[in-house]
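The sequence and the structure come first.

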Amino acid sequence: MLPWKRVFRPLAALLLAAAAVTVPAVSAAHAESATGTTAETTVETAAVTASASGWNDYRCKPSAAHPRPVVLVHGTLGNSVDNWLALAPYLTVRGYCVFSVDYGQLPGVPLFHGLGPIDASAGQLSVFVDKVLAATGAAEVDLVGHSQGGMMPRYYLKFLGGAAKVGALVGLAPDNHGATLGGLTNLLPYFPGAEDLITAATPGLADQMPGSAFLAKLNAGGDTVPGVRYTVIATQYDEVATPWRSQYLSGSGVRNVLLQDLCPLDLSEHVAIALFDRIAFHEVANALDPAHATATTCASALS
């Protein structure tokens, strides 16, 4: 990768995070005045479309082959629809009951979620899992999360009783030990007040900074809890959850996977791994059903 790209990508990610605090509310008001359609209406329409395609269908009953519904947990600045436009259908056509949750919403910030305090977001996940279990009659769910969505459920498992309701947690580029944005967060001390501003405006971002009180609590005493299978799927081209090896977990029941070990030609970075990388999707399917796993290779992009 060219050096300028190494600088630009994390910088763009940080600027996007800052913009998400102010721009969406203005854009939503603009769109409403121009079209008469609010951002909330857009989200509702997308959710209906998802349900019609067999995803977020609360009538779905798990099969004997796939007895645990899959709950998809979006990443920072994502939402329950946009993050999963490819992976959700990939799993539904393979016979899974698939649901996706919104969490970490800030007042006046539509569409861009995952910005609220992460412990509170884990509470939202807990409520959603209970809703899915009640609707489907299943005893457990499996969780698949991207970025923060692969890390935040660990709080639910460890502190909110989630381990009794979850069979597996699969993280796509999860920032399990923090996200340095390619080292950009290390520059915050040189900008007085910047970290305080981020903490006040977007606590979900502050919680993900290496060394945060949230991460210290989450990782104290070990990365995992008994009874849950953990899979981490990482890419060496990640520019957000960096260094990429910090995504890996230690403990029993853990499998850490690097995409490039499965397919050296896979160039996916932090966003692409969850949005459209079918090689990563194949490995997700393996993690959800290890008894019927098949080898993940470059050819999995066509499966």
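This is a predicted model: local features need pLDDT of at least 70, side-chain atom pairs count only at pLDDT 80 or more; totals for chains, interfaces and linings use all residues.

Leu 275 sits in helix H11. Its relative accessibility is 33%, so Leu 275 counts as partly exposed.

## Two disulfides

The structure contains 2 disulfides. Counted along the chain, the bonded cysteines follow the pattern 1-2, 3-4.

## Cys 60 to Cys 97

Cys 60 is bonded to Cys 97, with 2.0 Å between the sulfur atoms. The angle about the S-S bond is -80 degrees, and the link of Cys 60 and Cys 97 is left-handed. What does this pair tie together? Cys 60 is in the loop between helix H2 (39–52) and strand S1 (70–73). Cys 97 is in the loop between helix H3 (87–92) and strand S2 (98–101). The bond therefore joins parts that are 37 residues apart in sequence.

Are these cysteines buried or exposed? Cys 60 is buried, and Cys 97 is buried too.

## Cys 263 to Cys 298

The sulfur atoms of Cys 263 and Cys 298 are 2.0 Å apart and form a disulfide. Here the angle about the S-S bond is 100 degrees, and the link of Cys 263 and Cys 298 is right-handed. Cys 263 belongs to the loop between helix H10 (259–262) and helix H11 (272–275). Cys 298 belongs to the segment after helix H12 (278–288).

Cys 263 has a relative accessible area of 2%, so it is buried. Cys 298 has a relative accessible area of 30%, so it is partly exposed.

## Salt bridges

Side chains of opposite charge can pair when their charged atoms come close. The structure holds 5 salt bridges. Among them is the pair of Asp 57 and Arg 59, whose side chains meet at 3.0 Å, N to O. Asp 57 is buried, because its relative accessible area is 15% and the cut-off for buried is under 20%. Arg 59 is exposed, because its relative accessible area is 69% and the cut-off for exposed is over 50%.

## Lys 165 with Asp 130

The side chains of Lys 165 and Asp 130 form another salt bridge, at 2.8 Å, N to O. Which parts of the chain does the pair link? Lys 165 is in the loop between helix H6 (153–159) and strand S4 (166–172). Asp 130 is in helix H4 (residues 118–136). These are distant parts of the chain, 35 residues apart.

Lys 165 has a relative accessible area of 26%, so it is partly exposed. Asp 130 is at 35% relative accessibility, so it also counts as partly exposed.

## Arg 255 with Glu 283

Arg 255 and Glu 283 bring their side chains together in a salt bridge of 2.3 Å, N to O. This pair links distant parts of the chain, 28 residues apart. Arg 255 lies in strand S6 (residues 254–258), and Glu 283 lies in helix H12.

How accessible is Arg 255? Its relative accessible area is 43%, so Arg 255 is partly exposed. Glu 283 has a relative accessible area of 3%, so it is buried.

Note on methods: Residues are numbered from 1 along each chain as its sequence is written. Side-chain values use heavy atoms; hydrogens and water are left out. A disulfide is a pair of cysteine sulfur atoms within 2.5 Å. Helices (H or I, at least four residues) and strands (E, at least two) are DSSP runs, numbered from the N terminus. Buried means under 20% relative accessible area, exposed over 50%, partly exposed in between (1.4 Å probe, protein chains only). A salt bridge is a side-chain nitrogen of Lys or Arg within 4 Å of a carboxyl oxygen of Asp or Glu.
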